[in-house]
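Please look over the structure shown here, and then follow the questions and answers about how some of its parts meet.

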Amino acid sequence: MSLTFEHTTLGQRVLFGTGQAGENLASEIARLGAQRVMVIASTSQSAVAESITKDVDVALNYADVAPHVPLEKAQKGRAAAAELGIDLLVCVGGGSTIGLAKAIAMTSGLPIVAVPTTYAGSEATNVWGLTMDARKTTGVDDKVLPVTVIYDARLTLALPVGLSVASGLNALAHCVDSMWAPRADPINQTLAAEGIRALNRGLRTIKRDLHDRDGREETLYGAYLSAVAFASAGSGIHHKICHVVGGAYNMPHAHTHAAVLPYVLAFNAPFAPEAERRIAAAFGSDTAVEGLSALRAALDAPTALKDYGLAEENIPEAAQLILPFIPASNPRTVTVENLEALLTAAWSGTTPGL
Ligand code: NAD
């Protein structure tokens, strides 16, 4: 077998330790020599942020966070950082909070230390997103990659079961889509496979006991791997579908990913034997589809896009909007017809693959 590929590894420091976020943050701020720290956390995560910044001299606590980073929120955050001469952004929260820090870093070049509290994975990518006039734009810029990520499973204990499951399946979708994304290679596929293995175990444990430390740690570890794989491999068909429908019909990010994933896997798997083999092995199941179905059943995963804001009459328009974004690397030829069939099945929640 010939092994020829091009791979880029993004440079980022990761500090992983349960109960250690406060201490790790203080030492990281000292290491970076920051004097004017802006801490970004939404009001729902402000107590968590306070608990880990007790020993930090904070110049600005900032809570004006909104989903999908509206441009006006980004501009306000940029102005606040500039006015106070901020030299380091610390963000504590999910993808929306990290997204605001990225939007500020994008124009200011300020470094980011990210402390994630969900499994969305934005902390490990160089991808930014901004919403203008109800349209989300994304782009890649190494300036927005956090210099350091601090993972602390204790901070995820309050993530409710529904959001833990949806967010964890969002991470799983990064892994699955990495198998056939435009820059898929043996390195990011290996990271993705290990991510699937960790998420499959971690999420089942969390579902049984939300406060299980091992389950939370394993899921966080899997979420990190998923994001590294995704950042390296790029967006595949799954992310293009979720990005377009999520933006066009204002659907919740994690739940949309969780509901669409089994349909994309069933759609592509017969045309991607190597990916199918890797995914099945990572699940420890006979086939990739069976492995994902068993996990979803154990988790009571979101099943139907109709529950999250997609109307049946939107499907033909959605298929037309998505088609131009489907990567040429996709193993199965995608047409308006088979895309409509995939969306219709995902909309209704019928069993994928049948
Ligand atoms: P989110 O950040 O909007 O958080 C969802 C909800 O969970 C919010 O109400 C938040 O306050 C709450 N929350 C967060 N952590 C919590 C905790 N530990 N306990 C209790 N509640 C908690 O959602 P998300 O799914 O984390 O992120 C989605 C956003 O991130 C989307 O805009 C998506 O496009 C973006 N994203 C970007 C990238 C990237 O690489 N740029 C990757 C993944 C996701």
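Q: At what angle do helix α9 and helix α11 pack in this predicted model, and how is their relative direction described?
A: Helix α9 covers residues 253-268 and helix α11 covers residues 288-299, and their axes lie 9 Å apart. The angle at which these helices pack is about 160°. Angles over 145 degrees count as roughly antiparallel, so α9 and α11 are described as roughly antiparallel.

Q: Which residues of α11 does α9 meet, and how many residues of the contact are charged?
A: From α9, the residues Ala258, Leu261, Pro262, Leu265 and Ala266 take part, and they meet Ala288, Val289, Leu292 and Arg296 in α11. Dividing the residues of this contact by kind gives 8 nonpolar and no polar, and the number that are charged is 1.

Q: What kind of aromatic pair do Phe16 and Tyr151 form?
A: Phe16 lies in strand β1 and Tyr151 in strand β8, 135 residues apart, so that the pair links distant parts of the chain. Their ring centres are 5.5 Å apart, and because the planes stand at 40°, the pair is tilted.

Q: Is Tyr151 buried or exposed?
A: Buried means under 20% relative accessible area. Because Tyr151 has 0% relative accessibility, this residue counts as buried.

Q: Which residue forms an edge-to-face pair with Tyr151?
A: The pair has 5.7 Å centre to centre and 70° between the planes. Tyr151 belongs to strand β8 and its partner to helix α7 (residues 213-233), so the pair ties together parts that are 73 residues apart in sequence. The partner of Tyr151 in this edge-to-face pair is Tyr224.

Terms used: Residues numbered from 1 in each chain as written. Predicted model: local features only at pLDDT ≥ 70, side-chain atom pairs only at ≥ 80, totals over all residues. Heavy atoms only, no water. Axes fitted to C-alpha atoms, helices over the stretch in contact; angles between N-to-C directions. Helix = DSSP H or I, 4+ residues; strand = E, 2+ residues; numbered from the N terminus. Parallel < 35°, antiparallel > 145°, perpendicular 65-115°, else oblique. Contact = heavy atoms within 4.5 Å. Nonpolar A, V, L, I, M, F, W, Y, C, P; charged D, E, K, R; others polar. Phe/Tyr/Trp six-rings, centres within 6.5 Å; stacked < 30°, edge-to-face > 60°. Buried < 20%, exposed > 50% of the residue type's maximum accessible area, 1.4 Å probe, protein only.
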